[in-house]
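Reader: Could you walk me through this structure, starting with the charged pairs and then moving on to the cores and strands?

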Amino acid sequence: MEELSQSSLQIEFSVGFERLLIRINLYGYELMFEKEIYKLTRDDLEQYPVWYFPMDDTVEDELTVRPFEGNCQINDHQVIVRTVFFASDGSEYMGYVYWNSPNSIEDLKPVVFVNDEDCVTFWSGMIEANWDDYGEEQKKLQSKFPLNYSSYTVQGLDSLSGKLEGLYYLEGENLVFKT
């Protein structure tokens with residue numbers, strides 16, 4: 001239990017990878033559910049299509065995300081949006097992109113779930129991307145390029161769409177990919 005001020009109180013519960021915060025003040029209470037971005041699952045995205053990074057003093061670190069439920073200004077935060085990825089063989093996958101404009105691969109940082117928890121991150125930044133870092137289930141995506149994607153139109157955010165050709169990274173100042 002953490003005291004915020006003389007007129008409010010914050011209680012935090014942690015269960016596994018999830019945290020529930022309860023803030024109580026003179027006017028009522030507020031419940032907040034949060035997770036670390038790298039612990040999101042496909043089920044989390046099905047339940048909440050938009051997540052945001054609060055970046056305030058109530059979070060443990062900059063990797064904490066909360067589901068957007070209409071109680072914050074979405075323009076004030078970096079957000080991720082549920083996205084559908086369409087493989088060349090006709091199969092579909094759920095994942096997310098960082099909603100951004102312009103929608104370059106470096107800004108979108110696409111992530112695709114191949115099952116309930118395992119995912120492939122398509123942006124590696126300055127680290128060379130490598131399929132050897134993934135398990136057998138994830139490696140199956142290698143034969144399904146290109147992947148076309150389209151984010152959901154939710155909470156006033158326009159859909160973002162494009163095509164992925166492989167795992168992307170920067171080599172010097174050049175954007176390259178590996179299939």
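Author: What follows takes up salt bridges, then the nonpolar cores, and then a pair of strands. Please keep in mind throughout that this is a predicted model.

Reader: How many salt bridges are there in the whole structure?

Author: A search of the whole structure turns up 7 salt bridges. One of them is formed by Asp44 and Lys35, whose closest N and O atoms are 2.6 Å apart.

Reader: Where does Asp44 sit, and is Asp44 buried or exposed?

Author: Asp44 belongs to helix H1, which covers residues 42-47. Asp44 counts as buried because its relative accessibility is 8%, and buried means under 20%.

Reader: OK, another pair then: what does Lys144 meet in a salt bridge?

Author: The side chain of Lys144 meets that of Asp89 in a salt bridge, with an N to O distance of 3.4 Å. Lys144 lies in the loop between helix H3 (136-139) and E11, while Asp89 lies in the loop between strand E7 (79-86) and E8, so this pair ties together parts that are 55 residues apart in sequence.

Reader: How accessible are Lys144 and Asp89?

Author: Lys144 is buried, with a relative accessible area of 15%, whereas Asp89, at 49% relative accessibility, counts as partly exposed.

Reader: What about Lys178 and Glu128, where do they lie?

Author: Their side chains meet in a salt bridge at 2.5 Å, N to O. Lys178 is in strand E14 (residues 174-178) and Glu128 is in the loop between strand E10 (119-121) and H3, so the pair ties together parts 50 residues apart in sequence. Lys178 counts as partly exposed at 25% relative accessibility, and Glu128 counts as partly exposed at 46%.

Reader: Switching to the inside: which residues touch the most other members of the largest nonpolar core?

Author: That core has 23 residues, and the ones that touch the most other members are Val120, Phe122, Leu141 and Leu164. At least two residues of this core come from each of strand E8 (92-98), helix H2 (105-108), strand E11 (147-151) and strand E13 (167-171). The largest share, 3 residues, is supplied by E13.

Reader: What is Leu164 in contact with, leaving aside neighbours within four places in sequence?

Author: Leu164 is then in contact with Phe85, Ile105, Pro110, Phe122, Phe145, Pro146, Leu147 and Tyr149.

Reader: Last topic, then: how many bridges join E5 to E6?

Author: Strand E5 (residues 50-52) is joined to E6 by 2 bridges, and the two strands run antiparallel.

Reader: Which way do the residues of E6 point?

Author: In strand E6 (residues 64-67), Thr64 and Arg66 point one way and Val65 and Pro67 the other way, and all are buried. In a regular strand the side chains alternate between the two faces of the sheet.

Definitions and conventions
Residues are numbered from 1 along each chain as its sequence is written. This is a predicted model: local features need pLDDT of at least 70, side-chain atom pairs count only at pLDDT 80 or more; totals for chains, interfaces and linings use all residues. Side-chain values use heavy atoms; hydrogens and water are left out. Helices (H or I, at least four residues) and strands (E, at least two) are DSSP runs, numbered from the N terminus. Buried means under 20% relative accessible area, exposed over 50%, partly exposed in between (1.4 Å probe, protein chains only). A nonpolar core is a set of buried Ala, Val, Leu, Ile, Met, Phe, Trp, Tyr and Cys residues joined through side-chain atoms within 4.5 Å. Contact means heavy atoms within 4.5 Å. A salt bridge is a side-chain nitrogen of Lys or Arg within 4 Å of a carboxyl oxygen of Asp or Glu. Two strands pair if DSSP finds at least two bridges between them.
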